[in-house]
Amino acid sequence: MKNVLIIDDEEKLRGLLARIIKSEGFDVLEAPDLRSGFKKLEQNDLDVVLCDVKLPDGNGVEFVEKLKTTFPSVEVILLTAFGKISDGVQAIKNGAFDYIVKGDDNDKIIPLLYKALDKAQLQKKVKQLEKRISDKYSFDTIIGKSKGIEQAIELAKKVAKTDSTVLLTGETGTGKEVFAQAIHENSNRAGKSFVALNCSTFSKDILESELFGHKQGAFTGATKDKKGFIEEANGGTLFLDEIGEMPLELQAKLLRVLETNEYIQIGDTLPKKSNFRLITATNRDLKAESEEHRFRSDLYFRLNIFEINIPALRERVKDIAPLVQHFVAQFSSAINKRTLKIEEGFLAKLESYPWPGNVRELKNIIERAVILSNDDVLSIDLLPYEIQHQSTHSKSLSAFSMESIEKLHIQKVLNYTKGNKAETARLLEIGIATLYRKLEEYNIQ
């Protein structure tokens, strides 16, 4: 649709403009003053407004600012009988698309309308895209009603509106980047850049270049200037995944950036500024790592302003069924299959599996099962061998036996250390080999 509103108190001129514009296939609304024009804007989906400068109830130049504040995607072309340079400059500053003189510029109106229409429709498309991204990464899309995941969501919602640094902890595949995206999309920086970098993917030198950027000629192969992720994140959010894998030398440089908002590209001598919000994630115990001098303690305390632990999937078994239903619907739609029914035994196998790869592993397994299915049912035989034939050799323990108490205690300490087996063995005051033997004996994953 091509929708235009003409605001002018001269009825004959307004009617003439309307006829000209309608002949080009535009839908045209008319208003004699600013008040009634604003009502039409509220009641209709409009693209462009042609507005006189001098009207009975106000000035069109001032009206532009109010209109653009309320309807940022609508473009405004101001019409005046007596063109003044100062008015034209102020109109553009207030957000007008253009400022033209009546009569002298009539031949410009239609081409100008098309240009304004293109800009307005592009802005609407961008807004729709931003809304889809925001909806995709809203907290409502995080599936789960278990206590652990609900607590994590509640904490994330509280910190999202702040600019505080967030540390997301939890095992690989629990959905830490999903939380990071949701925090960004629900923050005051939503709509700005969300830049994600996995610190375990690159060597030290390449990671430094990716993070800080480099100048042409800084090293062999640096054939042109390159922006770093810190610069790309300016105004938005920088997400550093697997922060525990960052080399110590780079940790010192990152700390400097967090303290000053300044950084220096490789090969440059002048500092640059970047205002970004930092979210980091790790599957390591950074506190223990810092105590062992494998991670800078000053950086750890700077990152750990607000920690959110994302629970492992085996700790939120009640969430497996809704996750499965979600992934089945998603992958069925992707390959144009009718949504499949889930066999009861299929779900039971999934709920008894320990999920070392967490939600990511579950997602991959459901995608595979949907692709393999030949009928309308997801059955056990579509699952990987290790899930179909899970080990049942673990002991059946009495709730009052010493072994049962020992198993429960080991699980609690493992949860406390977030799965760090070396730290678990240290706290239990047993050897690491003994711990692994007991984990196998009690079938603790």
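This is a predicted model: local features need pLDDT of at least 70, side-chain atom pairs count only at pLDDT 80 or more; totals for chains, interfaces and linings use all residues.
Helices α13 and α14 cross at roughly 120°, which makes α13 oblique to α14. Elsewhere, the rings of F38, F63 and F71 are linked into a cluster.

**Helix pair α8 and α10**

- The α8 and α10 crossing has a right-handed sense.
- On the α8 side, the contact is made by K204, L207, E208 and F212.
- On the α10 side, E249, L250, K253, L254 and V257 take part.
- G213 follows α8 and has a positive phi, near 80°.
- In general, an α-helix has 3.6 residues a turn, so residues three or four places apart point the same way.

**Helix pair α13 and α14**

- Helix α13 spans residues 320-334, and helix α14 spans residues 344-352.
- Their axes come within 10 Å.
- The crossing of α13 past α14 is right-handed.
- From α13, the residues that meet α14 are I320, A321 and V324.
- Their partners in α14 are F346, L347, L350 and E351.

**Aromatic rings and charges over them**

- The model holds seven aromatic pairs, counting rings whose centres lie within 6.5 Å.
- One of them joins F38 and F63, at 6.3 Å centre to centre.
- The planes of F38 and F63 stand 75° apart, and the pair is edge-to-face.
- This pair links distant parts of the chain: F38 sits in helix α2 (residues 34-43) and F63 in helix α3 (residues 60-70).
- F38 and F63 are 25 residues apart.
- Both F38 and F63 are buried.
- Ring pairs link F71 with F38 and F63 in a cluster.
- K66 lies over the face of F38, 4.3 Å from the ring centre.
- The charged end of K2 sits over the ring of F26, at 4.7 Å from its centre.

**Lysines in helices**

- K124 is placed in helix α5 (residues 106-136).
- K124 has 18% relative accessibility, so K124 counts as buried.
- Beyond its neighbours within four places in sequence, K124 is in contact with D45, L46, D47 and S73.
- K124 and P72 are 52 residues apart in sequence, with 9.2 Å from C-alpha to C-alpha.
- K157 is placed in helix α6 (residues 147-160).
- K157 has 40% relative accessibility, so K157 counts as partly exposed.
- K157 and Q43 are 114 residues apart in sequence and 34 Å apart in space, C-alpha to C-alpha.

**Loop residues**

- H293 lies in the loop between α11 (286-291) and α12 (297-303).
- The phi of H293 is near 65°, a positive value in a residue other than glycine.
- H293 has 66% relative accessibility and counts as exposed.
- E429 lies in the loop between α18 (421-428) and α19 (432-441).
- E429 is not a glycine, yet its phi is positive, at about 60°.
- With a relative accessible area of 73%, E429 is exposed.
- F82 lies in the loop between β6 (75-80) and α4 (85-94).
- F82 has 63% relative accessibility and counts as exposed.
- F82 and N198 are 116 residues apart in sequence and 59 Å apart in space, C-alpha to C-alpha.

Methods: Residues are numbered from 1 along each chain as its sequence is written. Side-chain values use heavy atoms; hydrogens and water are left out. Rings of Phe, Tyr and Trp (its six-membered ring) pair if their centres lie within 6.5 Å; planes under 30 degrees apart count as stacked, over 60 as edge-to-face and the rest as tilted. Helices (H or I, at least four residues) and strands (E, at least two) are DSSP runs, numbered from the N terminus. Buried means under 20% relative accessible area, exposed over 50%, partly exposed in between (1.4 Å probe, protein chains only). A charge sits over a ring if NZ of Lys or CZ of Arg is within 6 Å of the ring centre and within 35 degrees of the ring normal. Axes are lines fitted to C-alpha atoms, for helices over the stretch in contact, and angles run from 0 to 180 degrees between N-to-C directions. Angles under 35 degrees count as roughly parallel, over 145 as roughly antiparallel, 65 to 115 as roughly perpendicular and the rest as oblique. A crossing is left-handed if the near helix is turned anticlockwise from the far one by less than a right angle, and right-handed if clockwise. Contact means heavy atoms within 4.5 Å.
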